[in-house]
Amino acid sequence: SKESLLGGDKVYLAELAGKADEYAGVADSGLKMLLCRVILGHSWYTEAPTLGEDDKSFLDELLQSQVVHSAHTYRKSTTQLHEFAVADARFLYPEYMIIYNRKP
């Protein structure tokens, strides 16, 4: 499995399906991706391309104490994609499950 930017036990979301595809789970019927509505609440924001272990621990503490409800990373210097993480699944509302296969 891939090492996530933020580490830990969170739900990861991406603004583009191509990025989400990197994290899609494989099942017998194909790859699965959820299209969700998300409440980000108070969000911790960073443009850092990577985070050190101290940063990840600090963010985990913030999320667990509910000082912030989500993390928003903008990988400005690399992919220029916005990615999000929430620690509480109650902030997610799955709209659709998309089942698909990649073309070789």
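**Sheet and pockets in a predicted model**

In this predicted model, 4 strands form an open sheet in the order S1-S6-S5-S4, and their pairing is mixed.

Colleague: What makes S1 and strand S4 (43-46) the edges of the sheet?
Modeller: S1 and S4 each have a single partner strand, so one side of each is left without a neighbour in the sheet. From one strand to the next, the twist averages 20 degrees.

Colleague: How do you know that strand S1 (residues 11-14) and S6 count as paired?
Modeller: Two strands pair if DSSP finds at least two bridges between them, and S1 and S6 are joined over 4 bridges in the antiparallel sense, so they meet that cut-off. Within this pairing, leucine 13 stands opposite phenylalanine 84 in S6.

Colleague: And what joins strand S5 (residues 70-74) to S6?
Modeller: S5 and S6 run antiparallel and are joined by 5 bridges, and because the requirement is at least two, they too count as a pair. Tyrosine 74 stands opposite histidine 82 in S6, while serine 70 stands opposite valine 86 in S6.

Colleague: Why is strand S6 (residues 82-86) described as largely enclosed by the rest of the structure?
Modeller: A residue is called buried when its relative accessible area is under 20%, and 4 of the 5 residues of S6 are buried, so the strand is largely enclosed by the rest of the structure.

Colleague: Turning to the pockets, how much space lies in the largest pocket, and which residues are closest to its centre?
Modeller: The largest pocket holds about 550 Å³ of space. Its lining consists of 22 residues, of which Tyr12, Leu13, Ala14, Ala20 and Leu34 are the closest to the centre.

Colleague: Which elements supply at least two residues each to the lining of the largest pocket, and which gives the most?
Modeller: At least two residues each come from S1, helix H1 (17-21), strand S3 (30-38), S6 and strand S7 (92-100), and S3 gives the most, with 6 residues.

Colleague: How do the lining residues of the largest pocket divide by class?
Modeller: That lining has 18 nonpolar, 1 polar and 3 charged residues.

Colleague: What can be said of the second largest pocket?
Modeller: About 200 Å³ of space lies in the second largest pocket, which is lined by 11 residues, with Asp60, Leu63, Gln64, Ala87 and Asp88 nearest its centre. By class, this lining divides into 4 nonpolar, 3 polar and 4 charged residues, and because Asp counts as charged, Asp60 and Asp88 are among the charged ones.

Definitions and conventions:
Residues numbered from 1 in each chain as written. Predicted model: local features only at pLDDT ≥ 70, side-chain atom pairs only at ≥ 80, totals over all residues. Heavy atoms only, no water. Buried < 20%, exposed > 50% of the residue type's maximum accessible area, 1.4 Å probe, protein only. 1 Å grid on protein atoms, 1.4 Å probe; cavity = no way out; pocket = protein on both sides within 12 Å on 5 of 7 lines; lining within 4 Å. Points joined across faces, edges and corners; volume = space filled by probe spheres on them. Axes fitted to C-alpha atoms, helices over the stretch in contact; angles between N-to-C directions.
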